[in-house]
Amino acid sequence: MSISVDDDGAFLSRAAVGSRELRFCLALTAISAAVFVVCIPYVRAPMQPSPAFVAVYNAVSTLNDLTTAIILFGQFNILRSRALLLLASGYLFASLMSAVQLMAFPGMFSDTGLLGAGPQTALWLCVFWHGGFPLIVILYALLQDSSHGIAAPPRISIARAVTAVVGVVFACWFAATWGTENAHLLPPMLDTTGFTPWQRIVNLADIVLVLGAFVLLAARPRRNLLNLWLMVVMGYWFCDITLSSYLNGGRYDLGFYAGRIYGALAASFVLTVLVLEHSRLYRGLAIAANRLKERATELLRANETLQSEIAYRKQAEERLRQAQADLARVSRITAMGELTSSLAHEVNHPIGAIMINAETCMRWLSHEVPNIERARAIASMIVKDGTRASETVARMQQLFDNGAPLRELVEVNDVIREMVILLHGEAARYAVSIRTELMDDLSPVSGDRTQLMQVLMNLMINGMEAMSDADGTRELVIKSEQVEGGHVAVSVSDTGVGLPPLLTTQIFNAFVTTKTRSVGIGLSISRTIVEGHGGRLWATNDRSRGADFHLTLPIGGDAALADRCA
């Protein structure tokens, strides 16, 4: 699978051709064409033989083509392009053929050359070299539009390509040695008088391949920088083959030397551009790394700032929770202060009964014959009244509790019954009757008992105060039921003046009230408590008289699990 890389100029094979690059390549081509035309009249002028020049030329070609092949193989490792793998293999082929041709060149390392070479070997190796590379460039141009990458791992693909190139080079060497000296399958290109007509014919075939590669590269619909420079290379190869192998008369004339110079330049163009490309990429990478480092520093500072802001926000939220808890306690104390007379009656009534029953018990025990049975009965009444007073004080203590919220399983019906008992005196003061409609076997909820008592107390007291100026029946109805979704629903309904239509939602905002002597925080605190328990508190005003307050609380513990499973 090929790796997708955006065409942003990161690779020479994908970079678009700009006007500057096009002008530069045209200038190089024009200069080479001018020099080529100047050399044609003197192409067969004899010059001093210099095997060292041939050695330098082949060494430059070998090293430059090998380096170019390595870089292109590296780019194939990223792009996975068949065409790029083929072109890299072509440069490797040119490098190896240049090295083999150098060793087989007569007079270089021996009179006839190494590797079993004969008089014709070096010439045929040069033909295979200068014809094989343009042929590979033609295949490269034809494969460029292929969207199919190579599925095999890059290392395996490169190893296969290298193996194939080495095999082809070996076949060329074998044909150039055995095919010319032993089997005579290839015609001779050099005799005692100079080049034979066969030398012109086979090199003309190489020239045709070079021109074909140039035309195919120029005809590509999407021309990239690599294609442009390959066209320049093919132009210089045309000058090389034409001057050194087609128009000249033999080795070591002007055409021979001029053509080899063109060949050395051709082997250097793509390598030079690739090196410059890598230099540009490394420079861009260094700049990007520096920017990334600066960005990382900025992010680190921003992270530190964010951490401090988070810590400050957590502290602020903790202070807010503490303030809400203090405000809720103040609200409870305020409400209890308003209930002082009613609570005093609730406590004094059993205490007064205890005192009367104690005096009666003392009289029964003071008789000459103490009436033990009557004294025991009266003592039981004393215990009952004492328990009643103790329970009343315990309920008051719960409402005044300043401890942290404690989540436990709470029976909502028990809370309702306790608040009915605790607010019995307040209901009598407002001449309100309290009626409860409680569902049996109601599942418990998970919450803080004291906070739920505070919510119910606020709703009940608000309902009683709403009926203080109402005519007719004054009744406070409290209902409980279990609804779908695993919730317990409680409603508190009164027969008072009701709520203005616009206040059914605003009534729960802080400092919004319908009473002249109220601060307006009770319902706001109640909604905060209910929502903190995962529930919901709202008001409706659908009846002609009175208002309804509803709250839902999620079922807790095993009861919630059983309800969800059902």
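**Close-up views: a helix pair and a strand trio**

**View 1. Helix 4 meets helix 6.** Helix 4 (residues 121–143) packs against helix 6 (residues 197–218) at an angle of about 20 degrees, their axes lying 9 Å apart. Axes here are lines fitted to C-alpha atoms over the stretch in contact, with angles running from 0 to 180 degrees between N-to-C directions. Helix 4 and helix 6 are therefore roughly parallel (angles under 35 degrees). This is a predicted model, where local features need pLDDT of at least 70, side-chain atom pairs count only at pLDDT 80 or more, and totals for chains, interfaces and linings use all residues. Residues are numbered from 1 along each chain as its sequence is written, and side-chain values use heavy atoms, leaving out hydrogens and water.

View 2. The contact (heavy atoms within 4.5 Å) includes W124, H130 and Y140 of helix 4, and N203, D206 and L216 of helix 6.

**View 3. Strand 7 with strand 6.** Helices (H or I, at least four residues) and strands (E, at least two) are DSSP runs, numbered from the N terminus. Strand 6 (residues 475–483) and strand 7 run antiparallel, joined by seven bridges. Look for Q482, whose bridge partner in strand 7 is V488. Three residues sit between the strands of this hairpin, and G485 takes a positive phi near 90 degrees there.

**View 4. Strand 7 with strand 9.** Strand 7 also runs antiparallel to strand 9 (residues 548–554), again with seven bridges. Here V488 stands opposite L553. Six of the seven residues of strand 7 (residues 487–493) are buried, so the rest of the structure largely encloses this strand; buried means under 20% relative accessible area (1.4 Å probe, protein chains only).

Terms used
Angles under 35 degrees count as roughly parallel, over 145 as roughly antiparallel, 65 to 115 as roughly perpendicular and the rest as oblique. Buried means under 20% relative accessible area, exposed over 50%, partly exposed in between (1.4 Å probe, protein chains only). Two strands pair if DSSP finds at least two bridges between them.
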